[in-house]
Amino acid sequence: MSSKNRVRRSTLIVLLCICMNLMSFGQVFAASGASSTAVTANDTSGHWAESVLKEWQQQGYLTGYQDGSLLPDHSITRAEFAALINKSFGYTSTTAISYLDVKASNWFYADIAKATAAGYIKGYPDQTFRPN
């Protein structure tokens with residue numbers, strides 16, 4: 001394994017560990033129809049993860065919801081997790097997906113196609129992804 005691949009793999013592992021630890025603060029990703037313009041979260045003031053959430057929002061990893069919220073105390077979904085990883089690592093390549101519970105009209109369709117192409121997440125044996 002090349003040094004570059006080792007560093008990338010190590011970075012991915014660290015990011016995954018951080019995400020797993022932060023799952024308790026939840027839905028921090030764009031919901032269907034969310035604006036792509038940066039909005040300052042209105043529900044993170046005083047939150048224990050406020051500085052990280054603001055930093056991630058400034059870096060474009062988090063876009064929040066149309067009302068400006070990040071909902072930091074809700075559980076993170078698999079679809080939201082995929083969106084964060086894709087944005088963090090700049091994954092843009094997609095692959096064809098045919099999960100029974102992921103439709104092309106879902107906000108997360110492209111992110112799940114990217115995650116599948118990148119190979120860091122898979123669906124279940126029953127051909128579902130369980131994005132929520």
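Okay, to start: is arginine 130 buried, exposed or partly exposed, and at what relative accessibility? At 42% relative accessibility, arginine 130 counts as partly exposed, because that class lies between the 20% and 50% cut-offs. Keep that residue in mind, and we'll come back to it.

Before going on, remember that this is a predicted model. So how confident is the predictor? The protein chain has a mean pLDDT of 78, and 68% of its residues reach 70 or more. Among the elements, helix H1, residues 3–22, has the lowest mean pLDDT, at 60, while H4 has the highest, at 96. Then look at residues 23–39: pLDDT stays under 50 there, and the model has 60 contacts beyond four places in sequence for that stretch.

Let's go inside. The largest nonpolar core has 17 residues, and Val102, Ile112 and Tyr120 are the ones with the most contacts inside it. Helix H3 (78–89) and helix H4 (109–118) each supply at least two residues of this core. H3 gives the most, with five residues. As background, nonpolar side chains in soluble globular proteins tend to be buried together.

Pick out isoleucine 112 on your screen. If we skip its neighbours within four places in sequence, isoleucine 112 is in contact with Ala79, Ile97, Tyr99, Val102, Phe129 and Pro131. There's also a second, separate core of six residues, and among them are Leu53, Trp56, Leu62 and Leu84.

Now helix H3 itself. How many of its twelve residues are buried? Nine of them are, so H3 is mostly covered. The buried ones include Ala79, Phe81, Leu84, Ile85 and Phe89. Just after H3, glycine 90 takes a positive phi of about 70°.

What does it touch, not counting residues up to four places away in sequence? Asparagine 86 touches Tyr91, Asp111, Lys114, Ala115 and Tyr120.

Next, helix H2, residues 50–58. Glu50, Leu53, Trp56 and Gln57 are buried there. Why do they end up on the same side of H2? Because they cover an arc of only 135° around the axis. On the other side of H2, Ser51 and Gln58 are exposed. Just after H2, glycine 60 takes a positive phi of about 85°.

Last topic: salt bridges. How many does the structure hold? It holds two. In one, the side chains of glutamate 50 and lysine 54 meet at 3.0 Å, N to O. Those residues are four apart in helix H2, so about one helical turn separates them. Lysine 54 counts as partly exposed, at 38% relative accessibility.

And here's our opening residue again. The side chains of arginine 130 and aspartate 126 meet in a salt bridge, 3.2 Å from N to O. Aspartate 126 has 40% relative accessibility, so it counts as partly exposed, and arginine 130, at 42%, counts as partly exposed too. That's me done, thanks!

Methods:
Residues are numbered from 1 along each chain as its sequence is written. This is a predicted model: local features need pLDDT of at least 70, side-chain atom pairs count only at pLDDT 80 or more; totals for chains, interfaces and linings use all residues. Side-chain values use heavy atoms; hydrogens and water are left out. A nonpolar core is a set of buried Ala, Val, Leu, Ile, Met, Phe, Trp, Tyr and Cys residues joined through side-chain atoms within 4.5 Å. Buried means under 20% relative accessible area, exposed over 50%, partly exposed in between (1.4 Å probe, protein chains only). Contact means heavy atoms within 4.5 Å. The arc is that of the directions from the helix axis to the C-beta atoms. pLDDT is the predictor's confidence in each residue, from 0 to 100. A salt bridge is a side-chain nitrogen of Lys or Arg within 4 Å of a carboxyl oxygen of Asp or Glu.
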